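I opened a new notebook page for this protein.

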Amino acid sequence: MATQRLPRIETILEKVKGYNPTSDERLLQKAYLFSAMAHEGQMRHSGEPYLIHPVAVMDILAELKADDIALVAGLLHDVVEDNHTIGLKDIESRFGMEVAHIVDGLTKIEEKLPEGEVREWATLRKLVLAMVDDIRVILVKLADRLHNLRTLDAMPSHKRPAKAMETLEIYAPIAYRLGLGKLKAELEDLAFRHAYPEDYARLSQALVDKRTYSDSFLEETRQQLQSILGEFGVEGGEVRGRLKHLYSIFLKLKRQSISIEQVYDYLAFRILVPDVRDCYAVLGGIHALWKPIPGRFKDWIALPKENHYRSLHTSVVGLNGQPFEIQIRTWQMHDEAENGLAAHWRYKEGRLTKEDEDATVMWLRHLVEMRQTAMTAGDFVENLRVDLSPKEVYVFTPKGKILNFPRGATPIDFAYAVHTQVGHTCTGAKINGKLVPLKTPLKSGDRIEVLTNPNAKPSRDWLDAAVTSRALNKIRAWLNQQEKIRAIEIGKTSLDRECKRLKVSLKEAQESGLLAEVLKKVALPDADTLLATIGYGKLTARRVAKMLAPNQEEETATPESGGVSKGTPIVVRGASDLLTTLARCCKPIRGDEIVGFISRGKGLIIHRADCSNMKRLSYNPDRIMEVTWDDASQVGSLAHDVAVTLHTEDRQGMVAAITKVVADHKAGIRQMEAGITGTGEGLVRMTIAVRDRAHLALILTQLGKIHGITTILRDAG
Ligand code: MN
């Protein structure tokens, strides 16, 4: 793998001529000689002449089909750093501004740094920011890093893990972002060996053990795939079998927490064809021959990845039940996947234009943003690392400002990040100009626009859609506030009514200071809190009214009467502490679909969603509240009374049969009437106590099985 021999400059020049006939050979020769002169007498850690390194970097760049500027920069990238008699000015006068800019970006920061700054981080920041102006900066850096990793064994062993980790965290992800698939895979495998030496050794040994089997399997399968190409008349196609790269297998082991023995799809094939149509034809042929593994087919041709990757992927169960992966793509897609944007760069002088690759442009814009905000090199590198890790997404405001969110965040999180009021009043969102539901997860590079309406309000189910603590806190605070406003309203009407009954004037009580005394007695800070406390059902309006009318008879222990029952055993979600009552008209029971109606003086009345009264009440949507049964409370007790009417044949023992069913199911009978109608039909009316809707349904089903019962109705109210 690692060639320690000095690659011959002539060989490289020939390679360059092969992909770029207009290459300026004299310029490249001149750079080679200049580099040789500048590094004269210098040695690498391995003891070899230093010149090996820049020439090897140039060779890697030639593999990536880089242009002359990048090749020259590759040859000269260490010149200024290693030879203090040569300055950037010299490079610029001999090779031009562009080369000098790239070399500058690749040169370590030497000057004194502010307190607390780390030289490596400051250098990395300089490099990444230079890349924004000329993408070739990073191309040369990646080639440089690749050669350094290939020869890392020559480095002192204590320095290797740090270089390897930095490669895995920063450089390999950058290569991936830029679509440099082949480079990324090699960087990862080399870094893997030094970052996790034990895992590397175990994994490569395991694959060596499977080698004999793999080789024959790969060859047999390759021939079968080749014959599919023949069947479909695909000319100029090629089938390549390979072991997947080690680091990708390692990540898979970690992700799925399985052992090496359980890894089966370490074998993969690539089919390269001339035409997009061939891709789909060959795919059809493969699926006809071998069983595809469900969920593994990916059409990255119709929907390219963010980094512009295009290919068809499928996994099948092949010979001997051996599963393996197949990638199908055209030669052009392959070139782009292996060499990324490098293919385009050579014609664009290192600059990516808007038309090039949106995701890349977006990302570079993000880096520009990072340059503009004053942050330390450490913060910059940390941001870069987070940015390159898949746990975060970066999105843009309509004005191009960048905001980052945890993965899974939605436009709701975005809206609250912009401004609390924007969050409270958002009604929808546009992602990249397209209208989307508020619960759509954000992706890196998305441009988000939030639609608002001043009359819109947060909804309780946003709590399920938002992930940032900021959004969740703001939504909760708003909902609590609304609940309090409602509780005050409910408390006020209740208290007014009680005061009227006892002929107490709330206004006078306030003016005389009596109210203040009562507040002190119940230990509440102000009148609003008192009203809310009544609304929440923690204090009864009657008791407060009586305290405000001290001349009246003393409070007795008689239960509260009137419309408001003394608390209810039913707790509903969405109303937390609000005083709730079950509507008498439709008598909802646990499990029924329900809605809440804010009734003056009675608190929140819970109706069945299909209650006919409710339909009449719904003209006033402001007083309707979404509620659900609270699963945590009162489950299992016979909390619900339900009225049921049964029509029966007039038959002996009917009532006994009915009561037996109710008793058998451990429900209670609260009340029962049986009679005969004018038409000679039996009629039974009863109120039974049940646990919930399911319990009721079971009882009604069993009642229906009693011989002679014609109809059963749950009273709708
Ligand atoms: Mn170097």
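**Entry 1: the whole protein**

I looked up the secondary structure and found 30 helices and 21 strands. I note here that the model is predicted. I then looked up burial: of the 717 residues in the protein, 48% are buried. I also looked at contacts between residues at least 6 apart in sequence, and 66% of these join residues at least 24 apart.

**Entry 2: the manganese ion**

Which residues coordinate the manganese ion? I found His53 and His77, each through NE2, and Asp78 and Asp144, each through OD. The distances run from 2.2 to 2.3 Å. Written along the sequence, the spacing of the donor residues is H-x23-H-D-x65-D.

Are His53 and Asp144 buried or exposed? The cut-off for buried is under 20% relative accessible area. His53 has 1%, so I wrote it down as buried. Asp144 has 6%, so I wrote it down as buried too.

**Entry 3: H3 and H4**

I noted first that two packed helices are described by an angle between axes and a distance between axes. The crossing of H3 past H4 is right-handed.

Next I listed the residues in this contact. H3 contributes Pro54, Val55, Val57, Met58, Leu61 and Ala62. H4 contributes Ala70, Leu71, Gly74 and Leu75. Sorted by class, the contact has 9 nonpolar residues, 1 polar residue and no charged ones.

How many residues of H4 are buried? I found 9 of the 9, so H4 is largely enclosed by the rest of the structure. Among them are Asp68, Ile69 and Val72.

**Entry 4: H9 and H10**

H9 and helix H10 (residues 160–177) have axes that come within 11 Å and cross at roughly 145 degrees. H9 passes H10 in a left-handed crossing. On the H9 side I listed Ile138, Lys141, Leu142, Arg145 and Leu149. They meet Lys163, Glu166, Thr167, Tyr171, Ile174 and Ala175 of H10. By class, this contact has 6 nonpolar, 1 polar and 4 charged residues.

I set the two contacts side by side. The one of H3 with H4 has no charged residues, whereas the one of H9 with H10 has 4.

I looked up Trp363 and found it in helix H18 (residues 358–372). Trp363 has 3% relative accessibility and counts as buried. How far apart are Trp363 and Leu388 in sequence and in space? I read 25 residues in sequence and 10.0 Å in space, C-alpha to C-alpha.

The buried ones are Pro411, Ile412, Asp413, Phe414, Ala415 and Tyr416.

Definitions and conventions: Residues numbered from 1 in each chain as written. Predicted model: local features only at pLDDT ≥ 70, side-chain atom pairs only at ≥ 80, totals over all residues. Heavy atoms only, no water. Donors = N, O, S within 2.8 Å, 3.2 Å for Na, K, Ca; no water. Buried < 20%, exposed > 50% of the residue type's maximum accessible area, 1.4 Å probe, protein only. Helix = DSSP H or I, 4+ residues; strand = E, 2+ residues; numbered from the N terminus. Left-handed = near helix turned anticlockwise from the far one by under 90°. Contact = heavy atoms within 4.5 Å. Nonpolar A, V, L, I, M, F, W, Y, C, P; charged D, E, K, R; others polar. Axes fitted to C-alpha atoms, helices over the stretch in contact; angles between N-to-C directions.
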